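Student: I have a structure open and I want to learn how to read it. Can we go feature by feature?

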Amino acid sequence: MSVLHGGEVVERALAASRADEAIVIVTDRSEASLRWAGNSMTTNGSSTSREWAVVSILREGPNAARVGSVSSTSVAAADIESVVRASDEAARSATPARDAMPLLDPEAVGLHLDPGWSGEPAATGIEVFTGLARELATGFDGADMLYGFAEHQLHTTWLGTSTGIRRRWTQPTGSVEINGKRGAGADLASAWVGAGTLDFADVDASALLTELARRLDWSARRVELPAGRYETLLPPSAVADLLIYMNWEMQGRGANEGHTAFSRAGGTRVGERLTDLGLTLYSDPSATGLEYRPFVATAASSPALSVFDNGLPARRVDWIREGVIENLVYPRATATEFDAPITVPGENLLMTGGSGATLPEMIARTERGLLLTCLWYIREVDAATLLLTGLTRDGVYLVEDGEVTAAVNNFRFNESPLDLLRRTTEAGATEVTLPREWKDWFTRTAMPPLRIPDFHMSSVSRAT
């Protein structure tokens with residue numbers, strides 16, 4: 001069976017639609033993975049798949065419509081007609097869309113035929129891990145037990161609309177995580193390192209293994225500490241996990257309707273100062289090494305995205321600018337409703353404006369405090385304050401007189417990222433980092449380490 005090119009699927013589906021307007025999105029996925037455990041490679045493999053969707057729109061006025069959306073994983077050309085018919089039928093039975101707007105005109109927004117429209121989808125394979133595997137093999141000869149996982153994805157997306165928009169984008173996403181264990185039983189020490197990448201050419205596995213060994217060395221001495229508030233150094237990975245969650249909550253509708261931590265009497269917290277440190281939190285589809293699809297492509301509407309905005313360009317957005325809340329997410333319909341700027345959610349997140357100090361330099365200036373490695377199992381406790389809870393993982397270390405002197409027990413924490421930014425006393429140098437908790441959904445981040453004078457460790461955890 002011959003498989004149609006993604007662009008051909010778009011054109012055939014649009015031609016088959018009987019709706020007033022239609023949108024078709026096709027994504028071809030090429031993925032490769034490598035796994036190791038107990039100092040031995042265990043599995044590797046690669047796969048390809050396709051997911052595509054047809055969005056049918058029945059107009060009842062310029063800003064009134066019913067929408068149906070049907071997705072498929074079929075690669076058979078014969079199935080296109082049935083998916084389109086199902087989408088058309090779903091639109092007929094749908095309730096009126098709250099976010100109805102005119103579809104974008106490609107001439108009005110400068111969205112002409114993408115020059116790569118007819119190109120083949122990008123492909124990856126296990127050969128992308130050749131250098132990584134070679135360097136890992138040197139670590140397998142040591143006494144520490146290494147476990148981990150690497151994956152590489154190339155997702156090629158075609159977007160077409162009945163108004164003439166034709167866009168294509170290939171998104172590379174890669175990551176590697178290494179967990180090291182030393183000792184056994186009550187003396188077991190665990191540490192973690194990770195890195196995000198576009199193509200693994202920039203992954204220095206030897207440096208990751210060196211850092212892993214250093215963290216395991218720190219665990220030679222153990223100290224038990226009670227729950228409480230501690231001066232705490234959050235490394236970039238932990239900062240990323242906290243601020244990703246905060247950014248997901250920066251939605252204009254919820255804030256305007258009084259449902260979120262970004263609400264305040266009579267409006268939103270846009271314009272409110274969080275910190276005097278001059279920190280800027282932003283998303284930018286052209287950020288070097290952290291690029292993402294520069295246009296909206298969605299088969300379903302949500303508070304953050306609208307199907308009527310398909311093809312809308314994504315540009316840099318400053319969520320916090322020099323310490324002040326600057327923007328919230330507003331699809332076109334929501335922006336019109338609340339008289340706000342149209343703002344597309346980002347698929348990367350960067351924070352700048354720190355002192356430029358490295359994490360070791362910040363450790364050297366710490367009289368007594370805690371150094372975290374990463375966070376996990378983060379959950380929301382209170383939407384009104386954005387209070388989060390979660391656990392520390394794979395290494396909490398005691399810093400005394402400017403040096404790491406011991407490993408301590410893990411904790412459960414209770415903190416709001418908004419409050420953390422208000423209380424932060426120092427931000428260091430921004431560096432590209434891999435989030436631990438949200439890595440499966442969000443990998444492209446660059447964050448500074450932060451110093452929190454009173455991070456709330458609410459209880460002791462026995463997790464390793």
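Student: In which helix is the place of Arg215?

Tutor: Arg215 sits in helix α5. Helices (H or I, at least four residues) and strands (E, at least two) are DSSP runs, numbered from the N terminus. Before we go on: residues are numbered from 1 along each chain as its sequence is written, and side-chain values use heavy atoms, leaving out hydrogens and water. This is a predicted model, where local features need pLDDT of at least 70, side-chain atom pairs count only at pLDDT 80 or more, and totals for chains, interfaces and linings use all residues.

Student: Is Arg215 buried or exposed?

Tutor: Buried means under 20% relative accessible area, exposed over 50%, and partly exposed in between (1.4 Å probe, protein chains only). Arg215 has 18%, so Arg215 is buried.

Student: What does Arg215 touch?

Tutor: Contact means heavy atoms within 4.5 Å. Not counting residues up to four places away in sequence, Arg215 touches Ala191, Trp192, Val193, Thr373 and Tyr397. A polar contact is a pair of N or O atoms within 3.5 Å; within protein, one must be able to donate a hydrogen and the other to accept it, and residues adjacent in sequence count only if both atoms are side-chain atoms. One of 2.8 Å joins the side chains of Arg215 and Glu211.

Student: Which strands does helix α5 lie across?

Tutor: Helix α5 (residues 205-218) lies across β4, β5 and β6. For angles, axes are lines fitted to C-alpha atoms, for helices over the stretch in contact, and angles run from 0 to 180 degrees between N-to-C directions. Helix α5 runs at about 155° to β6.

Student: In what order do the strands of the open sheet come?

Tutor: Two strands pair if DSSP finds at least two bridges between them. Six strands come in the order β3-β2-β1-β4-β5-β6, with antiparallel pairing. β3 (64-72) and β6 (189-197) are at the edges with a single partner strand each, so one side of each has no neighbour in the sheet. β4 (residues 145-161) and β5 (residues 166-182) pair over 16 bridges. There, Thr156 stands opposite Thr170 in β5.

Student: How many residues has the largest nonpolar core?

Tutor: In soluble globular proteins, nonpolar side chains tend to be buried together. A nonpolar core is a set of buried Ala, Val, Leu, Ile, Met, Phe, Trp, Tyr and Cys residues joined through side-chain atoms within 4.5 Å. The largest here has 53 residues, and Leu243 and Leu370 are among those with the most contacts inside it. Helix α6 (residues 236-248) gives the most, eight residues. A second, separate core of 34 residues includes Phe200 and Trp218.
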